[in-house]
Amino acid sequence: MRLTTKGRFAVTAMIDLALRETHGPVTLAGISQRQKISLSYLEQLFGKLRRFNIVESTRGPGGGYTLARPSNEVSVADIIVAVDEPLDATQCGGKGNCHTDEENHGRCMTHDLWSNLNLKMVEYLSSVTLRDLVQQQEGRGIVIQDMRPKKVKIEGAKAEKPAPVLAAKKEVAPKAPLVNSVFNLARQS
């Protein structure tokens, strides 16, 4: 079994999201920049993750993605399955029809070996949660800073709104008459 970039990128992007979501929704552009993953590829992956109820999206300014459920309830297997990554080491896709001749009953000699490996992989990836991976990153000293502008909160009494400043009317100078104006010609006659 070989995990393709689809599965690797999905897990990496989900770790990035889980590390930063305490600061609010995380943008795909930010994940793309930090993890060097194509934005359009992330959009495809997160569309699939959203359909599997792993992430939620928030639209508008300050929008982005957050986890749809707690990180300790999202396994690596959930993420990989959501993005259509096959977890199968068999040559036949688990169907048992590796050989089509009647003599071998359709299975290759190593079919059971690879089937058991599949079970162990799914078992292991199901046991590792997104929270485990986040804690592993935090243990490595990863420091996450919120780079968004801070909103200033005014303490104490209700702040008075400044009175609107009325724009001073500009004095308009009289317009110079147009020489070719029909009205000027009428006045001159």
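I started at L39, and leaving aside residues up to four places away in sequence, I found that L39 touches L28, A29 and S32. A reminder to myself: this is a predicted model.

Next I looked up where L39 sits, and L39 lies in helix α3.

From L39 I moved on to the helix itself. α3 covers residues 39–51 and α1 covers residues 5–20; their axes come within 10 Å and cross at roughly 80 degrees. Angles of 65 to 115 count as roughly perpendicular, and α1 and α3 are therefore roughly perpendicular to each other.

Which residues meet there? On the α1 side I listed T5, K6, F9, A10, A13, M14 and L17. On the α3 side I listed Y41, L42, L45, F46, K48 and L49.

My last stop was helix α6, residues 130–139, where the buried residues are L130, L133, V134 and Q137. Why do they line one face of the helix? Looking down the axis of α6, I see its buried residues fall within an arc of 100 degrees, so they share one face. Residues three or four places apart in an α-helix point the same way, because there are 3.6 residues a turn. What covers the buried residues of α6 includes α1, β2 (64–67) and α4 (76–82). After α6 comes G141, and I noted its positive phi, near 90 degrees.

Technical notes. Residues are numbered from 1 along each chain as its sequence is written. This is a predicted model: local features need pLDDT of at least 70, side-chain atom pairs count only at pLDDT 80 or more; totals for chains, interfaces and linings use all residues. Side-chain values use heavy atoms; hydrogens and water are left out. Axes are lines fitted to C-alpha atoms, for helices over the stretch in contact, and angles run from 0 to 180 degrees between N-to-C directions. Helices (H or I, at least four residues) and strands (E, at least two) are DSSP runs, numbered from the N terminus. Angles under 35 degrees count as roughly parallel, over 145 as roughly antiparallel, 65 to 115 as roughly perpendicular and the rest as oblique. Contact means heavy atoms within 4.5 Å. Buried means under 20% relative accessible area, exposed over 50%, partly exposed in between (1.4 Å probe, protein chains only). The arc is that of the directions from the helix axis to the C-beta atoms.
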